[in-house]
Amino acid sequence: MERSVEDIQSIEQVASISSRNDSKIGALISDALAKVGKEGLISLEEGKGIQTELEVTEGMKLDKGFVSPYFITNPEKMEVSYDNPYILLTDKKITLVQQDLLPILEQVTKTKRPLVII
């Protein structure tokens with residue numbers, strides 16, 4: 001039997017059952033979903049202590065920085081900052097620029113907006 005899980009209370013119940021009936025974990029998961037919304041991303045990490053906690057990060061946080069100092073847009077702060085960029089996410093190595101990227105680069109160039117490849 002299938003039923004839709006929409007409200008926070010139902011999400012908490014499902015999360016609690018999925019975490020071996022741990023209502024504390026279920027409450028944390030439902031709270032996280034309430035904060036990030038349906039389109040948000042939740043990631044779990046193993047902690048070093050014994051306390052379970054919820055941390056919300058606005059935007060996207062990357063562990064690594066820019067590949068080259070030539071990407072820096074603000075030399076005073078040593079950061080890369082773009083307004084309204086296109087973002088290309090991939091889990092594969094881009095080897096054939098001509099075949100893989102050229103069609104995308106041509107379309108982005110027409111818009112005059114920056115492209116960030118992750």
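**Confidence and labels**

Modeller: Let's start with confidence: in the protein chain the mean is lowest in helix 3 (residues 97-111), at 84, and highest in helix 2, at 91. Those are pLDDT values, the predictor's confidence in each residue on a scale from 0 to 100. This is a predicted model, where local features need pLDDT of at least 70, side-chain atom pairs count only at pLDDT 80 or more, and totals for chains, interfaces and linings use all residues. Residues are numbered from 1 along each chain as its sequence is written, and side-chain values use heavy atoms, with hydrogens and water left out.

Colleague: What is the mean pLDDT of the protein chain, and how many of its residues reach 70 or more?

Modeller: The mean is 83, and 92% of the residues reach 70 or more. As for the rest, where pLDDT is low, the predicted coordinates should not be read in detail.

Colleague: What makes a stretch a helix or a strand here?

Modeller: Both are DSSP runs, numbered from the N terminus: a helix is H or I over at least four residues, and a strand is E over at least two. On that basis the protein chain has 3 helices and 2 strands, in the order α-α-β-α-β along the sequence.

Colleague: How do you know whether the protein chain is a compact globule or more spread out?

Modeller: Its radius of gyration is 20 Å, well over the 13 Å that the globule rule gives for 118 residues, so the protein chain is more spread out than a compact globule. The radius is taken over C-alpha atoms, and the rule is 2.2 Å times the number of residues to the power 0.38. The C-alpha trace spans about 50 × 40 × 25 Å along its principal axes.

Colleague: Why is Ser30 called buried?

Modeller: Buried means under 20% relative accessible area, exposed means over 50%, and partly exposed is in between (1.4 Å probe, protein chains only). Ser30 has 3% relative accessibility, so it counts as buried. Buried residues make up 10% of the 118 in the protein chain.

Colleague: Where does Ser30 lie, and which residues is Ser30 in contact with, leaving aside neighbours within four places in sequence?

Modeller: Ser30 lies in helix 2 (residues 23-36). Beyond those neighbours, Ser30 is in contact (heavy atoms within 4.5 Å) with Ile8, Ile11 and Glu12. For the protein chain as a whole, 39% of contacts between residues at least 6 apart in sequence join residues at least 24 apart.

Colleague: And Asp91, buried or exposed, and why?

Modeller: Asp91 has 72% relative accessibility, so it goes down as exposed. You'll find Asp91 in the loop between strand 1 (86-88) and helix 3. Its C-alpha atom is separated by 8.3 Å from that of Ile118, 27 residues apart along the chain.

Colleague: What about Lys112, buried or exposed?

Modeller: Lys112 has a relative accessible area of 75%, so it is exposed. Lys112 sits in the loop between helix 3 and strand 2 (115-117) and has a positive phi of about 60° although it is not a glycine. Met78 also isn't a glycine, and has a positive phi of about 55°; Met78 is in the loop between helix 2 and strand 1.

Colleague: Why is Gly59 called exposed?

Modeller: Its relative accessibility is 65%, so Gly59 counts as exposed. Gly59 is in the loop between helix 2 and strand 1, and its C-alpha atom is separated by 19 Å from that of Ile72, 13 residues apart along the chain.

Colleague: Last one: how do you know whether Thr109 is buried or exposed?

Modeller: Thr109 has a relative accessible area of 57%, so it is exposed. Thr109 lies in helix 3, and its C-alpha atom is separated by 37 Å from that of Leu44, 65 residues apart along the chain.
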